[in-house]
Amino acid sequence: MPELLLELFSEEIPARFQRRAADDLKKAVTNALVDAGLVYEGAKAFVTPRRLALTVTGLPTRSPDTSEEKKGPKVGAPQPAIDGFLRSAGLASLDQAKIESDPKKGDFYVAQIKKPGAEAVTLLSTILPKILTDFPWAKSMRWGRGSFNWVRPLRAITATFGSENEEPVVIPFSSNELSSGQTTFGHRFLAPEAIRVRRFDDYVEALERAKVVLDIDRRKDIIRTDAEHLAFAQGLTVIGDEGLLEEVAGLVEWPVVMMGSFDPAFLELPEEVIIATIRANQKCFCLRDASGKLAPNFIITANTVATDGGAVIVAGNERVIRARLSDAMFFYNGDLALPLEHGLPKLEETVFHAKLGSQFARVERLVKLAGEIAPQVGADPERAKRAAMLAKADLTTGMVGEFPELQGLMGRYYAAAQGEPADIATAVEMHYKPLGPTDKVPTEPVSIAVALADKLDLLTGFWAIDEKPTGSRDPFALRRAALGVIRIITENGLRFPLNVEVDLLAFFHDRLKVSLRDAGARHDLVDAVISAESNDILQITQRAEALSALLSSADGQNLLAGYKRAANILAAEEKKDGRSFAGAIEQDALKLPEETALAFSVDAVHAAVANHVAKDDYKGAMAELATLRAPVDSFFTAVLVNDADPAVRINRLNLLARLRDTMHLVADFSKVAG
């Protein structure tokens, strides 16, 4: 069957847009094909710095004829309704419709609408220009004449359609004064000549000969493999950086890997500074030696085959990196010369938020809050206050001004170099963490106190000025802050009740639900252990884990079934009697051995569960509940709850209420599915 080849050749596409653009192109074209009745077998998109390409295989040469029935108004309906039906169905008169009968609704008109298929080339010539016009670039530009926008100026459009053994046809359309054809171009410098394209296979081969690797993942593999081999030959290893690898693969069409070096004297800088400098300015990879220390070398990825073996390229990168590292050394030495806390007055000049004051005002709040939190997490209050005071001081340093991503880290280096205790220096770095789901969590008490203070101040502050996240909008990363609080509490096993306002507590509940569900917890179990007043994150987590373990067992499943049966009976009888059943269980009214056994079991388990809950032993509490499975099963097998004797009936309903209340000590089982 025929295949479609589409290439949009342009000036350089920013690397950060490339993969998303390839996915968007594939989605837009394939969705439009299906909508047009052109069902395909496979599709794959590609991207390089100068082209978006798509191949769609197994396309029919034309869309199928279709026929559908359109139901119209009843016979005898007003003329406007009849006219509207005729217009929508494309009929000239009612003679072209048929009449069908419905036993309930009577006779009504039905139109048989037949739509002939169309040639695939004709459909594509309409589909493709619309996709270009509506393409969802994050940022685009207008050039030349007209109103067409694209990420960078388009230079050529290739659009061919045909079977393997025939000459393909060009899908005719125009966009911004460019007409589709079958001409593309190779590497800008190594093979800039025009290339005539027929179909995808020869397109890929022609580009390869013209020094263009079409597949971004293959370019990544080439860079990764060649870099590792080059490093291995020197006894070094490449420091992995998937984000940088993706970016570099988006900057080159024909990757050529080389190695450069810098003065080992620069290794006196913190290695994070060196890596950040080389990464940000030259998009190069750093290396480690056999001992794991940073090596005075780096990996360059060029986009050309140099006639001199790359000597000029390497020398140029070395020259720039030497200058950048010299700047970094200047900043570092200058920062070290000034005690970290001397930068605090400058924070008064920096606005944190117009309604929340300066960064210095925020530091004052952090100092107070960290001192209050410290005893609850086992930290020394004075050390926590000291760490909180220094936490933001590195924002005024030259190094952080140059590399904002090093905030906190540089504060730790400077604090340690200037004699601050290790736990305080560590807290200066760790108070920002965790920054994401895979980031590490503070574990030292002082770090925990300052990290919690930082995030809780952020959340309570923005809640106070009504700047809450809405939909996908979260400019102050408040969701991340809440998840950070949750991870710090749960991963450190902290009993740290969140004494915050009700709607902020509800926000924490929502974030906790997301966190637990991401960890594999069932949504109904999470709902069962959270109430509006639940402010103990660790307790909620432990209850959810214990409940999940209980319900994964046969005893737990059967007990849940018994609970549901008891709850349903109680709900029905309470509605009928207009009252709740919460009275004491009268021993004299227990007539059958099965209800007596359940009554004694429930009393014993109620006391045991309450004891376990008081000790925050939820696994123990759930294990006690599991012992009720047998007496509950026996009760419902042998006992009729709605006995003819009113006293016996009420006593049995009180017993079921006692069972329900006992189970509610650890979770609201009514919210559990099943």
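Q: Let's start with Ser-101: what stands opposite it in E6?
A: That would be Asp-107. One thing to keep in mind as we go: this is a predicted model.

Q: Thanks! And how do E5 and E6 run, and how many bridges join them?
A: They run antiparallel, and five bridges link strand E5 (residues 98-102) with strand E6 (residues 106-115). Together E5 and E6 make a hairpin, with three residues between them.

Q: Moving on, what is the order of strands in the open sheet of five?
A: The order is E2-E3-E1-E9-E10, and the pairing is antiparallel. Strand E2 (42-48) and strand E10 (169-170) are at the edges with a single partner strand each, so one side of each has no neighbour in the sheet.

Q: How many bridges join E2 to E3?
A: Seven, with E2 and strand E3 (residues 51-57) running antiparallel. In one of these pairings, Thr-48 has Arg-51 in E3 as its bridge partner.

Q: New topic: which residues does the cis peptide bond with omega of about 0° join?
A: Lys-433 and Pro-434. You'll find Pro-434 in the loop between helix H13 (422-430) and helix H14 (445-464).

Q: Why point that out?
A: Most peptide bonds are trans, and most residues other than glycine have a negative phi.

Q: Speaking of phi, what is the value for Asn-176?
A: Asn-176 has a positive phi of about 50°, though it is not a glycine. Glu-177 is another non-glycine residue with a positive phi, near 70°.

Q: Where does Asn-176 lie?
A: In the loop between strand E11 (174-175) and strand E12 (178-179). Glu-177 also lies in the loop between E11 and E12.

Q: Is Glu-177 buried or exposed?
A: Glu-177 counts as exposed, at 61% relative accessibility. Asn-176 is partly exposed, with a relative accessible area of 22%.

Q: Let's zoom out. How many helices and strands does the protein have?
A: There are 23 helices and 20 strands. The radius of gyration is 35 Å, well over the 26 Å the globule rule gives for 674 residues, so the protein is more spread out than a compact globule.

Q: What box do the C-alpha atoms fill?
A: Along the principal axes, roughly 100 × 95 × 50 Å.

Q: Last one: what percentage of the residues count as buried?
A: 47% of the 674 residues. As for the surface, the protein exposes about 31900 Å², with carbon and sulfur atoms supplying 52% of that area.

Terms used
Residues numbered from 1 in each chain as written. Predicted model: local features only at pLDDT ≥ 70, side-chain atom pairs only at ≥ 80, totals over all residues. Heavy atoms only, no water. Helix = DSSP H or I, 4+ residues; strand = E, 2+ residues; numbered from the N terminus. Rg over C-alpha atoms; globule rule 2.2 N^0.38 Å. Buried < 20%, exposed > 50% of the residue type's maximum accessible area, 1.4 Å probe, protein only. Areas by Shrake-Rupley, 256 points an atom, 1.4 Å probe, with all protein chains shown as cover. Pairing = 2+ DSSP bridges.
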